[in-house]
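I opened my notebook for a look through a new model. Here are my entries, in the order I made them.

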Amino acid sequence: MSRRMALAGETIRERVGRREQWYHTLELAPGVVTPGWFDLRTVAEEVLPASLAGRRCLDVGTFDGFWAFEMEKRGGDVVAVDIVDPRAWDWPVTAGDELVAILEDRKQGGRGFDIAARALGSDVTYQECSVYDLDPEEHGRFDFVFMGSLLLHLRDPIRALERLRAVCAPDGLVCTLDAIDPTFSRLFPRRAVASLDGDGRPWWWLPNVAAYERMVRSAGLHPVGPATPVRLPRGAGQPPVPATREVLTHREGRRMLGAARRGDPQAWIHSRPAAP
Ligand SMILES: C[S@@+](CC[C@H](N)C(=O)[O-])C[C@H]1O[C@@H](n2cnc3c(N)ncnc32)[C@H](O)[C@@H]1O
């Protein structure tokens, strides 16, 4: 029996309807699907182990909780962490209040996770904690550690990966799924190259596949296979990007158009804590 009080079907529909913006596409009851920015359901089949039965799992930066709920569905005992207040994210000093307010609105104090967890009758434990503060003394160690679409938003991605390593059991698995630059990956298949944003928004390093692998290795994680590129499909809540002249003449516009049409370019890596 779930620790959370479950919601009735009609209440779920009503609560989903009242919340305009969802990051994740979640099927919360028969016929009730949240209009997420992304629809990661097919990606989860590819990225997560088929069974996590009896495993202690961690989802870092959970947002509406899609990955945490998927791990729970596979039998995991799951802890999900996030920073609820977007002002506490890694912002460049040049950032304006407007974007912070937009993200605050989208985040709504973690309400999406709460509605979803109750609708699903989930037992996932939610904790407010930065990836930088993950500590084996406080949080224990996990058999499976997942972190999705967060390295891109961190000023210090390698320190974050080091913290994932610190809370991973010695025989555990770390799974990261994050943004990559497909052009740099094609142009420099072996050389680690990344571009830097850091201009008014919490977007920092965009590595090519080789740089992403290097980041994982330099944090003391040993990849158990090659980085696998994947596209994150657009969800019903993400507006289409029109192919206007303005969009087509800017690199960022072309990137957004490609991401909206073909999915956001990312890659996933499974790795284990390397022996010191
Ligand atoms: C782009 S969303 C990704 C959501 C989800 N992990 C996924 O892969 O679909 C980034 C998430 O990371 C969270 N976040 C931002 N900075 C963080 C930090 N320092 N530690 C933990 N979570 C953070 C945000 O609140 C947000 O929920």
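Is Phe-188 buried, partly exposed or exposed? I looked it up: Phe-188 has 26% relative accessibility, so it counts as partly exposed (buried is under 20% relative accessible area, exposed over 50%, partly exposed in between, with a 1.4 Å probe and protein chains only).

A note on ground rules: this is a predicted model, where local features need pLDDT of at least 70, side-chain atom pairs count only at pLDDT 80 or more, and totals for chains, interfaces and linings use all residues. Residues are numbered from 1 along each chain as its sequence is written, and side-chain values use heavy atoms, with hydrogens and water left out.

**Entry: whole chain.** I found eleven helices and 14 strands (DSSP runs numbered from the N terminus: helices are H or I with at least four residues, strands E with at least two). Of the 276 residues, 50% count as buried. The C-alpha trace spans about 50 × 50 × 35 Å along its principal axes.

**Entry: cores.** The largest nonpolar core has 39 residues (a core is a set of buried Ala, Val, Leu, Ile, Met, Phe, Trp, Tyr and Cys residues joined through side-chain atoms within 4.5 Å). Among the members that touch the most others I noted Ile-12, Leu-28, Trp-67 and Phe-144. Leaving out residues up to four places away in sequence, Ile-12 touches Leu-7, Leu-28, Ala-29, Val-32 and Ala-119 (contact means heavy atoms within 4.5 Å). I also came across a second, separate core of 30 residues, with Phe-142 and Tyr-212 among them.

**Entry: rings.** I count eight aromatic pairs (ring centres of Phe, Tyr and Trp, the last by its six-membered ring, lie within 6.5 Å; planes under 30 degrees apart are stacked, over 60 edge-to-face, the rest tilted). Tyr-23 and Phe-63 are stacked, at 4.7 Å centre to centre and 10 degrees between the planes. This pair links distant parts of the chain, 40 residues apart: Tyr-23 is in strand E1, and Phe-63 is in the loop between strand E5 and helix H3. Tyr-23 is buried at 18% relative accessible area, and Phe-63 is buried at 14%.

**Entry: charges over rings.** Which ring does Arg-191 sit over? Its charged end is over the ring of Phe-188, 5.0 Å from the centre (the rule asks for NZ of Lys or CZ of Arg within 6 Å of the ring centre and within 35 degrees of the ring normal). Arg-56 lies over the face of Phe-142, 4.0 Å from the ring centre.
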